[in-house]
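Open the model in your viewer and keep the sequence panel beside it. The stops below tell you what to select and what you will find there.

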Amino acid sequence: MTTLATQVSIAEALTTVIPDGLPFRFTAYDGSSAGPEDSQIHMHLATERGLSYILTAPGDLGMVRAYVMGDLEITGVHPGNPYELMRLILDSFHFQRPSAAEALRIVRSLGWSHLKPPPPPPQEHLPKWRRTFEGLRHSKARDKSAIHHHYDVSNTFYEWVLGPSMTYTCAVYPTPDATLEEAQYEKYDLVARKLDLKPGMRLLDVGCGWGGMVRHAAREYGVQALGVTLSAAQAEWAAQAIKREGLEDRAEVRYLDYRDVPERDFDVISSIGLTEHIGVRNYPSYFGFLLDRLKPGGRLLNHCITRPDNHFRHTGAFIDRYIFPDGELIGSGRIIAEAQDAGFEVRHEENLREHYALTLAAWNDNLVAHWDEAVAEVGAATAKIWGLYLAASRAGFEHNTIQLHQVLAVKPDARGNSHFPLRPTWGS
């Protein structure tokens, strides 16, 4: 056990809880330092407020608060793409909780005054207990609030980050050197081929974002496509895009909760990036609703981020407070089981996690390329949050701490016929 002197510096306190050492250079306002002096990446704790953030919210939340507010300064990586720092942390950053005696000694030395939490950054969402005033978890009102927090940042900002496709879901790269736009086209077309779209079919796309799948299906396959989203900003942008492409007779996007869609007897349903938001406990009603809206023989393509196992655990504080409030992830096995229990027959499944790492790298590159405009549009703090989030997510997919699965299912008819070919017809 590490023994601390009566007085410890900030760097000494940090190395106590990171016994394997820091993979980057760290300095603090008290003049202390740790980590390799020749490291390209340098993290500097500049203020006492930053120390208070870290001590009052141990783990990623306190560090993010200090970083967002400018109290924790990072050099050696671009704020729009701090991927190398995220990779180092995942590879070499091993936190060890101090004993009660060590924790007491650290706090006593650094000052009890630092245990008074500073106000959190304005970009931070309410803690979970405070969200109960917005409604029960995953109620319609609370889900609308959570979606507004994340997706109604700025359509202009999203255009810079996501590129012309305005697609905020994993792309499918036909080749490693494909462009982001080519890969997003391939993703939509892969979904279309898996659903076996034909002219005149009726498609429901739940959680449709800016209408990318709706427009692709209507434009490329002659499908009657309806998309629904809980983001008013997305619905407005999608309506303009539909009009611009001359697809008003075949495509529609509504500002609507998927649970309020009145139409039935759709030939196919796509759900691309919605399942993460609905809550694991709501899977039975979610899949039940989608089954009820399909014709017998109709197909469902469910595309979502998952964990590499099926053990439920809460999302980290950074993601919950800054990115996806109330978001929940579970393994593909649970998703498949819930779809089957609802009455679907699962016909195909694949993991595309490497593709999401490539997608996130491209989004980070876009953010760097438009950094000055992004800061002018949404502010430096929000832009930094997005750079951090995208880079950390990329590292997570590369390290297999998160995955991306597509599950193709069908609603059998009364005789159990799935109207499915003997072999898949959509290709790779």
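Buried means under 20% relative accessible area, exposed means over 50%, and partly exposed is in between (1.4 Å probe, protein chains only). Helices (H or I, at least four residues) and strands (E, at least two) are DSSP runs, numbered from the N terminus.

This is a predicted model, in which local features need pLDDT of at least 70, side-chain atom pairs count only at pLDDT 80 or more, and totals for chains, interfaces and linings use all residues. Residues are numbered from 1 along each chain as its sequence is written, and side-chain values use heavy atoms, with hydrogens and water left out.

**Stop 1: helix α9**

Select residues 180-194, which make up helix α9. How many of its 15 residues are buried? The number is 12, so α9 is largely enclosed by the rest of the structure. Color the buried set: Leu180, Ala183, Gln184, Glu186, Lys187, Tyr188, Asp189, Leu190, Val191, Ala192, Arg193 and Lys194.

Now check the length of α9. The expected span of a helix is 1.5 Å times one less than its number of residues. For the 15 residues of α9 that gives 21 Å, and the end C-alpha atoms are 21 Å apart, which agrees. Step past the helix to Asp196, which follows α9 and has a positive phi, near 55 degrees.

**Stop 2**

Two strands pair if DSSP finds at least two bridges between them. Display the strands from β5 to β11. Seven strands form an open sheet here, in the order β7-β6-β5-β8-β9-β11-β10, with mixed pairing. Its edge strands are β7 (251-255) and β10 (345-351), each pairing on one side only. From one strand to the next, the twist averages 15 degrees.

Zoom in on β5 (residues 202-206) and β6 (residues 224-229). They pair in the parallel sense over five bridges. Arg202 stands opposite Gln224 in β6. Leu203 stands opposite Ala225 in β6. Four of the five residues of β5 are buried, so this strand is largely enclosed by the rest of the structure.

**Stop 3: the four-stranded sheet**

Move to the other sheet. Four strands form an open sheet in the order β2-β1-β3-β4, again with mixed pairing. β2 and β4 stand at the edges with a single partner strand each, so one side of each has no neighbour in the sheet.

Select β3 (42-45). Which of its residues are on the covered face? Met43 and Leu45 are, while His42 and His44 lie on the uncovered one. β3 pairs with β1 (residues 25-28) in the parallel sense over four bridges, and Phe26 stands opposite Met43. β3 also pairs with β4 (residues 72-75), in the antiparallel sense over four bridges. There, Met43 stands opposite Ile74.

Next, pick Gly35, in the loop between β2 (33-34) and β3. At 28% relative accessibility, Gly35 counts as partly exposed. Contact means heavy atoms within 4.5 Å. Leaving aside neighbours within four places in sequence, Gly35 is in contact with Leu22, Phe24 and Arg25. Draw a distance from Gly35 to Pro23: the two are 12 residues apart along the chain, and their C-alpha atoms are separated by 6.3 Å.

**Stop 4: helices α8 and α16**

Show α8 (residues 155-162) and α16 (residues 353-369). Their axes come within 7 Å and cross at roughly 120 degrees. Axes are lines fitted to C-alpha atoms, for helices over the stretch in contact, and angles run from 0 to 180 degrees between N-to-C directions. Angles under 35 degrees count as roughly parallel, over 145 as roughly antiparallel, 65 to 115 as roughly perpendicular and the rest as oblique. α8 and α16 are therefore oblique to each other.

**Stop 5: two single residues**

Select Thr382, in helix α18 (residues 380-398). At 14% relative accessibility, Thr382 counts as buried. Not counting residues up to four places away in sequence, Thr382 touches Gln123 and Val153.

Finish at Gly327, in the loop between α14 (317-323) and α15 (332-342). Is Gly327 buried or exposed? Gly327 is buried, with a relative accessible area of 11%. Its C-alpha lies 17 Å from that of Asp309, which is 18 residues away in sequence.
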